[in-house]
Amino acid sequence: MVFIFGFNFTEQTLVKRSLETFYGIGPKVSQRIMARFHIQPWAKVGSLKNSTVMDLTAELSEMKIENDLRREVQDNIRRLKDMGTYRGRRHAMGLPVRGQRTRTQIATARRLNKIERGGSGRVQM
Amino acid sequence: MPPSICLRSFSQLSLDRSVHSLASRSRLSPHAACFSTSAARFANPSPKKGRVVAPPKRGQKTLNVKRGRKDPQGDVGKRPAPGERKAQRKRIVLRNDNALEVTALHDMAKATILSGLDEGRVLGIPENVVDALRAVEAFKPTQGWGLFWRPATLMRKETIQMAGLLKEVEESEEGQKKTIRRVLSGERLGGKSTLLLQGLTMAFLRNWVVINLPEGITDYPAAQDITNAHTEYAPLPGSQPTQYFQETYTANLLAQTLKANEPVLESINVTTNPSLPLPLPANATLKQLVELGAVNPEASWPVFLALWEELSVSGRPSILFALDGLSHIMKDSDYLSAEVKPIHAHDLTLIRHFIDCLSGQKSLPNGGVILAATSRSNCPSSSALEHSIQVAEQLQRDPNNLLHYNPYKKVDQRVMDALKDLRDPEAKGLDVIKVGGLSKDEARSIMEYYAESGMLRAKVDDGFVSEKWSLAGMGNIGELERASVRQRI
């Protein structure tokens, strides 16, 4: 078991995959982080040196991820709503925000567009 | 017009008798039993698909061979362990117990191998060299070693050419030892990797130090694994522009080199005073030096450099530095720099070292041969490499009529610079060995060996050899083996 940013991962997990479990880290960001610390794309968590794991944790703690990022997104939506804008209202109603038709195909909007927008990650708010 | 007997038998086969008139029926002998499978087919109509079959009556036993979800045991078949299937697939088999032992087969001998007298003969590879070749992963699972009693190769024209190169190096004067650099190119299945293996065999026999970067069909380290970002990398401190070293890969390479060259390395003492991150015992041999790097990956690159330094001291054995799968190292690697830009393969220290040797920037004070084999089946495209090889081949054919680079293809300038000597008619050091088809005599020799091994059951005469030689695309040795040994009709 290796601890990265306070969460433990089994040794055979890919570093890329373990980074992308955090809310706010996707393929691009994980690639950037790994290139920065010279970790090859297919590296497993178990093969990392201790110093690299510490560096990763330090890097992640400086980034705006997980709850900090969720809070920012939610604040942005709440601001829109409090101002009474159309976009804020659409968020509150769970409907498409950017002028899409609503006759069909709004499943994604229904799933995502809410004030308490959270997404998946290691931490739940 | 078809004969009437045919028509008659067709009319008998017809099931619908009503179409025939009464008169014709009497004429066509209706009593003969006609051949038909219809009766059997219609006698017991099978239930239609999709129709629910009634459950068996109470007390009646049924055979249920399906294993469903309800089955408590589930699938009890043993699953292969992780990596087992790959190991099976990549296993190198060097012996076929069912093949006949060829009694007349001689081994390659240290004294005579460079003489060139064995041209056109099939020679066995000595036992200890086989172990060394296995250690440096010179055998590939796609080659037909597993078809014969023991590994043997044909001493073809190109092999003799290679032996000549080694001989030239050995016979050059002390202090001005030659470094010969060659790229092996040729058709698919033409025997490039086998020629490389023959070169390695000769070097092992002559007690050279052999360092081989295999193509990586089996396991890493391999030429493709240097660049495909599967092993650790780290920037080399103090290098400008930044170079990257691969500690695990280098450690593995050192371990393989040690295993293959143990007797030679054991006999040489460390004389220079290498600065290593780990302490080296006093009066250490090269074996101990290499072991240090193989066991401690973090020290592997300094140890590799120290080994090279040691081998450059005058009076040491010559070096054969070989690589299979040249195009893997003639492109951007899959590694990323800290700025998320791809790292060119030539910025990896080990490849930089090889390229410096191949391009002639580094020469070997004790002489040596640098070999790079291209591959046709596992090769990322590298137009600069292809162009350089084409120009070199053209130079051998007709030096007055040079090819020009296709301006619509992207050029990798670093590759062009590294292979400058290939395109230069004046430069002598770097050249191409074109591995073409066998001559008919060579084909006959190898086919006689096939026949003596019991793998080819035919009379090997001129006609047969010519036929197979033509079928194999003018004597392509891989195709020849395919046509005569592997193919069973």
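Is A:Arg36 buried, partly exposed or exposed, and what is its relative accessibility? I looked it up in this predicted model. A:Arg36 has 45% relative accessibility and therefore counts as partly exposed.

**Entry 1, A:Arg36 and its partner.** I found A:Arg36 in a salt bridge with A:Glu59, at 2.6 Å from N to O. The two residues are 23 apart and come from distant parts of the chain: A:Arg36 sits in helix α2 (residues 27-36) and A:Glu59 in helix α3 (residues 50-62), both of chain A. I then checked A:Glu59, which is at 9% relative accessibility and so counts as buried, since the cut-off for buried is under 20%.

I noted a salt bridge between A:Glu66 and A:Arg70, with 3.4 Å from N to O. These two are about one helical turn apart because they lie four residues from each other in helix α4 (residues 66-83) of chain A. I recorded both A:Glu66 and A:Arg70 as buried.

I looked at B:Lys178 and B:Glu168, which form a salt bridge whose closest N and O atoms are 2.9 Å apart. B:Lys178 is in the loop between α6 (157-171) and β4 (179-186) of chain B, and B:Glu168 is in helix α6, so the bridge ties together parts 10 residues apart in sequence. For B:Lys178 I have a relative accessible area of 37%, partly exposed. B:Glu168 is at 35% relative accessibility and also counts as partly exposed.

I found A:Asp75, A:Arg78 and A:Glu116 linked in a network of salt bridges.

Methods:
Residues are numbered from 1 along each chain as its sequence is written. Chains are lettered from A and ligands numbered from 1 in the order in which they are written. This is a predicted model: local features need pLDDT of at least 70, side-chain atom pairs count only at pLDDT 80 or more; totals for chains, interfaces and linings use all residues. Side-chain values use heavy atoms; hydrogens and water are left out. A salt bridge is a side-chain nitrogen of Lys or Arg within 4 Å of a carboxyl oxygen of Asp or Glu. Buried means under 20% relative accessible area, exposed over 50%, partly exposed in between (1.4 Å probe, protein chains only).
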